[in-house]
Amino acid sequence: MGASRRLQGDGFTKVSPPPERRGLLTHASNLAVHAHFARSSIVLRGKMVRFQLLCDPLDPPPPNVDVTLKPLAEGETERDLAKAHSDLDACRGCHTKMDPIGFAFGKFDAAGNHVPDSPEDVTGEIDSVDLAVTDDASGPFTGPVELSARIAQSQHAAQCYLIQSLRYTLGREEVSADACSAAAAWSAFAERDLTLREALVALVSSDTFRHRTAVHPGESCQP
């Protein structure tokens, strides 16, 4: 994971990350969790960004699709394999939304180590986000640092962050009856610099957190 440095002293010392790492996406633990046991995975890492940071889930693979992990031939890259299964009609719809995101992490191995001499191409793209009100996350990038910056600047990603926080605080998926509280929480969150503290305050102050709803399933509240 790059050259290590021994720190001296008893106090806190500010350190700077190496240029290939920035934030959670390139943290070794996150990269290792979203990989196979002994092999990296552009699919799992791209899926993590699409599902967790953009709140844009995709359908599971068709039941007749072979999901066996194929070995890399000599001189073959993960991008080569991605192109092969994206060329299939049954796979293309989902993999064109996951794989180009996962390309960003091509130079990190299964354990999250950076491999600078890897032949993997780390240019990629976030395809359109189907569920986005404001699709400002889409577009090209080169490497995980640019990908992280694109997501960090996205209002849609901030909205997804609030939704994920809502799910965490409620311990369940949101339903239509939560719409008004979620909208009010977003307004308060956006007005206060999009900080974690303000997100939590807005969510635990909302009606959906403090009350049990009497709205029947399928009904939605009126703002």
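Predicted model: local features only at pLDDT ≥ 70, side-chain atom pairs only at ≥ 80, totals over all residues.
**First stop: the largest nonpolar core**

Begin by selecting Leu25, Val49, Leu54, Phe105, Ile126, Leu147 and Ile151. These residues touch the most other members of the largest nonpolar core, which has 16 residues. Next, colour helix H2 (42-53) and helix H5 (143-152), the elements that each give two or more residues to this core. As general background, nonpolar side chains in soluble globular proteins tend to be buried together.

**Second stop: Ile126**

Return to the largest core and centre the view on Ile126, one of the residues there that touch the most other members. Which residues is Ile126 in contact with, once neighbours within four places in sequence are left aside? The set consists of Arg50, Leu54, Ile101, Ala137, Ser138, Gly139, Phe141, Leu147, Arg150 and Ile151.

Is His36 buried, exposed or partly exposed? Its relative accessible area is 29%, so His36 counts as partly exposed, a class that lies between under 20% for buried and over 50% for exposed. Display the surroundings of His36: setting aside residues up to four places away in sequence, it touches Ser41, Leu44, Leu69 and Ala110. For Leu69, draw a distance between C-alpha atoms; the separation from His36 is 9.4 Å, although the two residues are 33 apart along the chain.

Select H2 together with helix H4 (residues 89-102). Their axes come within 7 Å and cross at roughly 105°; H2 and H4 are therefore roughly perpendicular to each other. To see the contact, show Ile42, Val43, Gly46, Lys47, Val49 and Arg50 on H2, and His95, Lys97, Met98, Asp99, Ile101 and Gly102 on H4. By class, the residues of this contact are five nonpolar, three polar and four charged.

The axes of H3 and H4 come within 8 Å, with a crossing angle of roughly 150°, which makes H3 roughly antiparallel to H4. On the H3 side, select Ala82, His85 and Ser86; on the H4 side, select Cys91, Arg92, His95 and Asp99. The residues of this contact comprise two nonpolar, three polar and two charged. His95 and Asp99 of H4 are listed in the contact with H2 and also in the contact with H3.

Key
Residues numbered from 1 in each chain as written. Heavy atoms only, no water. Core = buried A, V, L, I, M, F, W, Y, C linked by side-chain atoms within 4.5 Å. Buried < 20%, exposed > 50% of the residue type's maximum accessible area, 1.4 Å probe, protein only. Helix = DSSP H or I, 4+ residues; strand = E, 2+ residues; numbered from the N terminus. Contact = heavy atoms within 4.5 Å. Axes fitted to C-alpha atoms, helices over the stretch in contact; angles between N-to-C directions. Parallel < 35°, antiparallel > 145°, perpendicular 65-115°, else oblique. Nonpolar A, V, L, I, M, F, W, Y, C, P; charged D, E, K, R; others polar.
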